[in-house]
Amino acid sequence: MKVPYLDLKAQYETIKADIDGGIAGVIADTAFVRGPYVRDFEAAYAEMYGVKHCIGVANGTDALLVVLKMLGVGPGDEVITAANSWISSSEVITLAGGTPVFVDIEPDYYNLDPNLLEAKITDRTKVIIPVHLYGQPAAITEIMAIANKYGLPVLEDSAQAHFSTLDGRRVGTFGNAATFSFYPGKNLGAYGDAGAVITNDDALAEAVRSFADHGSNPQNKHEHIREGINSRLDGLQAAVLSAKLPHIQEWNKRRAERGARYTELLAGIDDVVTPATRPGATHVFHIYCVRVPRREELRAFLADRGISTGIHYPIA
């Protein structure tokens, strides 16, 4: 028996008619870039998330970059983020012209440690980017308290934590804005690259939408009110995401149930450190990440039995 790390085809088969119908509709309407399918997804995602604005972009990395640019990050600015995320969380800081400043993580929850955050704030600090890694909410309440003390905007990197909650509130709704990746392997995944920004800030939403579309005026694409980039969500990906969106809560619930079952079955094995869940949080387990002392031996053992694994992340 083969156990793949991820089986997107199995998921597709459960909603095949909706996926196929959505894609066929985009092709029939030739609505390939932005257009009604993108607007429908943006509206549905914003409504489900309980926010005013959702702006679809080409991918989760661009989502971070666009927001940083519209928050005014440039040369001489510092942006604080977690020390253990995917490179997207830091490369966008450099691409915006800023300097990344890393804060180490909480050993139990693998997210930015708020107890170490304040010491990294300087008069050059411009933005804080906490990362809700693996589907686990960061200590966002404490992070927001520190950010508010210094008057700093917070951009939540929620690429792995769609609809995860802390104390009943969804991650992505605490800060000034949040970004999501819809890379195919994510809990809510497209069939190619895709991403989004959510915010309740009207001015920031308008600036993000403009910058991601060549700096165009949202009411007149030929009027460029700033220099921007080309980072637009396409209709095909929006149709796929719209077909999947009604199922995300149930899929997340099942991930959490399976995560709890893994932890139950692995309890008592001294060499395996299973992931803890922060009190008051719902962990949506984008990744069920364990720590073991003989990692490569375990991976080889599992591979010999047809069980796929990954390392998150092999290089700091």
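The largest cavity has a volume of about 50 Å³. The model is predicted, so to speak of local features requires pLDDT of at least 70 and side-chain atom pairs count only at pLDDT 80 or more, while totals for chains, interfaces and linings use all residues. Residues are numbered from 1 along each chain as its sequence is written, and side-chain values use heavy atoms, with hydrogens and water left out.

**First stop: the cavity**

Select D108, Y109, Y110, L133, Y134, Q136, P275, A276, H283, I287 and C289, which line the largest cavity. On a 1 Å grid over the protein atoms alone, a cavity is a set of points where a 1.4 Å probe fits but cannot get out, and lining residues have an atom within 4 Å of a point. Grid points are joined across faces, edges and corners, and the volume is the space filled by probe spheres set on the points. The lining divides into eight nonpolar, two polar and one charged residue. Here Ala, Val, Leu, Ile, Met, Phe, Trp, Tyr, Cys and Pro count as nonpolar, Asp, Glu, Lys and Arg as charged, and the others, Gly among them, as polar.

**Second stop: α2 and α8**

Next, select helix α2 (residues 16-29) and helix α8 (residues 235-244), whose axes come within 8 Å and cross at roughly 150°. Helices (H or I, at least four residues) and strands (E, at least two) are DSSP runs, numbered from the N terminus. Axes are lines fitted to C-alpha atoms, for helices over the stretch in contact, with angles from 0 to 180 degrees between N-to-C directions. The two helices α2 and α8 are therefore roughly antiparallel, a term for angles over 145 degrees.

Move to R34, D213, S216, P218 and K221, which lie nearest the centre of the second largest pocket among its 13 lining residues. A pocket is an open set of points with protein on both sides within 12 Å along at least five of seven lines. This second largest pocket holds about 260 Å³ of space. Its lining has two nonpolar, six polar and five charged residues.

**Last stop: the backbone**

Select T30, in the loop between α2 and α3 (36-49). T30 is not a glycine, yet has a positive phi of about 45°. Finally, select H312 and Y313, joined by a cis peptide bond with omega about 5°. Y313 lies in the segment after α10 (295-304).

Technical notes
Parallel < 35°, antiparallel > 145°, perpendicular 65-115°, else oblique.
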